Amino acid sequence: MERRPHGRHSEVLAPLRTPLKTSAAGWRRPAVKVRFAAMAVLAAVSVLAGVLFVAGRSHAPAGRVATASSSIPLFGSSVGYQSLAQTTAQFGQLPIVRVYYPGLPASNAWDGGQAGANDSAVIVSFKALPKDILSGADDAALTHFFDTAPTGHPIYYSYYHEPEDNIADGEFTLADYKAAWARVASLAGAAHNPDLHSTLILMSWDLVKASGRDWKSYLPGGGIISTLGWDAYPVGSATNVNPQPTPPADFMGPCIAASNSVGLPYGFAEFGLSTAAGRPAWMTEVGNYLMSSGALFATVFNGVAEYPTLQLTDQASQDVWKGFVAKSAQAQSDPDPTPSAPTPSSPVTQPAGATPTPTASTPAVAGNWVSALNLSPARLIGTGSNDTVISFRISQAADVTVLVLGADGSVVRQIAKPAHAAGGVSVPYYGYTDSHTRLPAGTYNVLVVASNGSGSATAETPLTISAP
């Protein structure tokens, strides 16, 4: 996939505090480069991550793992390029909408603004420079946004979606960005609304070797992020240069594998094909793939002024997506829905190494399907050569991640067990961190996260490490 330029989301819903400049390519961005002392940044990351996790544990593990009420994703569309009424007329009543704020959220976001207009689940992003977030200048606006957010449906909120190019261009540092995320999420946690899900939205381009990026470097630690969102486009559509109807397994599959590798639930905040040629068949293939992908949500990007070819102007493509929206809406009203099997003409191709996902003949298993978590011994003498065996059972095949958490909730060790079969799981742990240093004596928590097409499940138990 080719590198995508900035500036696709041009609708202005709230003013940016910093002046904007326009590049030769026509996109706009803040003109100010952030200069922040490295020592202060590191201190902020440490302090804020601890504050966040303590605040977030009031609804853990929901604060770390977002779940869907159905194994079928919430299907929807971006709104803004055209009115919500027009979008609804095209696709029907949307179970979820994608809303962009180029600055801070509007003060009436939930009462008269676009974020709350559909009275449904929403993926909502907003932007502010990390230095402003860290200074506390935006606390009042963000506190109001989170405190007034409704309950009853998921709200996937994202601070500065797709930050990769901004960081690469020197507009702000990665450390500042992560620290600002911690402050934003701590403000959200103070609202005590279990429907608020911190969602890091990244480009699928990060997963392409040619990008030269490590996508995990953008992921704040300490349980700050509960959900991953991906903006995933087939070849050529992000730049509108020779767009190709790439199979979904090729451009969405790596996003699913990456999400499972860190044990986080995921969804697709943007996707689309920048040509009407062959688009109805491609939309059908993508929709069928998503039906059993394990994604929480998928919202088609319905164009902006700079990218009008991404808008679904052809009736055939509109009708295809309208059909999937209807299936999603029906699944949300069904307490125990079963994913529809893909049509024979558009088989679902799972990414290499992916866990098989439920179909109509293998319904998803409901409830907490991680059980019998045990440590043997529960008190580990930290010599570096002793181990405790972390054992548990999963009742269905899943990607499994075992996390060892510090007292402040920070992740100190992560052990991945991808594509594990149903049954017993045993993981030896010798008391080391991810950087191969021994953990000091103290009390820790072991968190198990299992994820597949039926959703995610968790279990947690304390671990004591004592001095030798």
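User: What should I know about the model before I start?

Analyst: The model is predicted, so local features need pLDDT of at least 70 and side-chain atom pairs count only at pLDDT 80 or more, while totals for chains, interfaces and linings use all residues. Residues are numbered from 1 along each chain as its sequence is written, and side-chain values use heavy atoms, with hydrogens and water left out.

User: How many helices and strands are there in the chain?

Analyst: Helices (H or I, at least four residues) and strands (E, at least two) are DSSP runs, numbered from the N terminus. The chain has 11 helices and 18 strands.

User: How many of the residues count as buried?

Analyst: Buried means under 20% relative accessible area, exposed over 50%, and partly exposed in between (1.4 Å probe, protein chains only). Here 54% of the 468 residues count as buried.

User: How do I read a sheet, for example the one with S11, S13 and S16?

Analyst: Strands of a sheet pair through backbone hydrogen bonds, either parallel or antiparallel. Two strands count as paired if DSSP finds at least two bridges between them. In this open sheet the order is S11-S13-S16, with antiparallel pairing. Strand S11 (370–376) and strand S16 (423–429) stand at the edges with a single partner strand each, so one side of each is left without a neighbour in the sheet. Strand S13 (residues 388–394) pairs with S16 over seven bridges, and Ile390 stands opposite Val427 in S16.

User: Which strands pair in the parallel sense with S6?

Analyst: Strand S5 (residues 121–126) pairs with S6 in the parallel sense over five bridges, with Val122 opposite Ile155 in S6. S6 also pairs in the parallel sense with strand S7 (residues 196–203), over three bridges, and there Ile155 stands opposite Leu196.

User: Are the residues of S6 buried or exposed?

Analyst: In strand S6 (residues 155–159), five of its five residues are buried. Both faces are covered, with Ile155, Tyr157 and Tyr159 on one side and Tyr156 and Ser158 on the other.

User: What does Ile96 touch?

Analyst: Contact means heavy atoms within 4.5 Å. Ile96 lies in strand S4 (residues 96–100) and is buried, with a relative accessible area of 0%. Not counting residues up to four places away in sequence, Ile96 touches several residues, among them Phe75, Val122, Tyr156 and Phe297. Ile96 and Phe75 are 21 residues apart in sequence, yet 6.2 Å apart in space, C-alpha to C-alpha.

User: How do the axes of H5 and H7 cross?

Analyst: Axes are lines fitted to C-alpha atoms, for helices over the stretch in contact, and angles run from 0 to 180 degrees between N-to-C directions. Angles under 35 degrees count as roughly parallel, over 145 as roughly antiparallel, 65 to 115 as roughly perpendicular and the rest as oblique. The axes of helix H5 (residues 139–147) and helix H7 (residues 174–189) come within 9 Å and cross at roughly 45 degrees. That makes H5 oblique to H7.

User: Which residues in H5 and H7 meet?

Analyst: Asp139, Leu142, Thr143 and Phe146 in H5 meet Arg183, Val184, Leu187 and Ala188 in H7.

User: Which residues of H9 are buried?

Analyst: In helix H9 (residues 253–261), the buried residues are Gly253, Cys255, Ile256, Ala258, Ser259 and Asn260. They pack against several elements, including helix H10 (279–291) and strand S17 (442–452). After H9 comes Gly263, whose phi is positive, near 70 degrees.
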